[in-house]
Amino acid sequence: MTDYLPTGLRALAEAGDSDAIDQLIELAAEQGDMDLLRTFADAGNSDAADLMVELATENEDMEELRRLANAGNTTAAEQLTELTTE
């Protein structure tokens, strides 16, 4: 699913270029690519984690919100509570 990502941008990100990583995260969010966002979030990128929460909330993806909440993401826990009490 990452065929939408420019090769040069991927290479820069793999080399640790923070601007390239930010751009990849933005592209992944635009494409709804939760797998790529999860890769960055699991590596400690808080922007990727925030976007995952946002996408999971928009899609009412309770499983993903639970996973994020169980991993300590308080925003995901709040969104999960909000969605389950509506």
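Reader: How many helices and strands does the chain have?

Author: Helices (H or I, at least four residues) and strands (E, at least two) are DSSP runs, numbered from the N terminus. Here the chain has 6 helices and 0 strands. Along the sequence the pattern reads α-α-α-α-α-α. This is a predicted model: local features need pLDDT of at least 70, side-chain atom pairs count only at pLDDT 80 or more, and totals for chains, interfaces and linings use all residues. Residues are numbered from 1 along each chain as its sequence is written, and side-chain values use heavy atoms, with hydrogens and water left out.

Reader: What does the C-alpha trace span along its principal axes?

Author: The trace spans about 45 × 20 × 15 Å.

Reader: What share of the residues is buried?

Author: Buried means under 20% relative accessible area, exposed over 50%, partly exposed in between (1.4 Å probe, protein chains only). Of the 86 residues of the chain, 35% count as buried.

Reader: Which residues have the most contacts inside the largest nonpolar core?

Author: General idea: in soluble globular proteins, nonpolar side chains tend to be buried together. A nonpolar core is a set of buried Ala, Val, Leu, Ile, Met, Phe, Trp, Tyr and Cys residues joined through side-chain atoms within 4.5 Å. The largest one here has 25 residues, and Leu37, Phe40 and Leu65 have the most contacts inside it. Helices H1 (7–14), H2 (18–31), H3 (34–42), H4 (46–58), H5 (62–70) and H6 (74–84) each supply at least two residues of this core.

Reader: Which residues does leucine 37 touch?

Author: Contact means heavy atoms within 4.5 Å. Not counting residues up to four places away in sequence, leucine 37 touches Ile25, Ala28, Ala29, Ala48, Leu51, Met52 and Leu55.

Reader: Now H4. Which of its residues are buried, and what do they pack against?

Author: An α-helix has 3.6 residues a turn, so residues three or four places apart point the same way. In H4 the buried residues are Ala48, Ala49, Met52, Val53, Leu55, Ala56 and Thr57. They pack against H2, H3, H5 and H6.

Reader: How far does H4 reach from its first C-alpha to its last?

Author: The expected span of a helix is 1.5 Å times one less than its number of residues. H4 has 13 residues and reaches 18 Å, close to the 18 Å expected.

Reader: Where does glutamate 60 lie?

Author: Glutamate 60 lies in the loop between H4 and H5. Its phi is positive, about 50°, although it is not a glycine.

Reader: Is glutamate 60 buried or exposed?

Author: Glutamate 60 counts as exposed because its relative accessibility is 52%.
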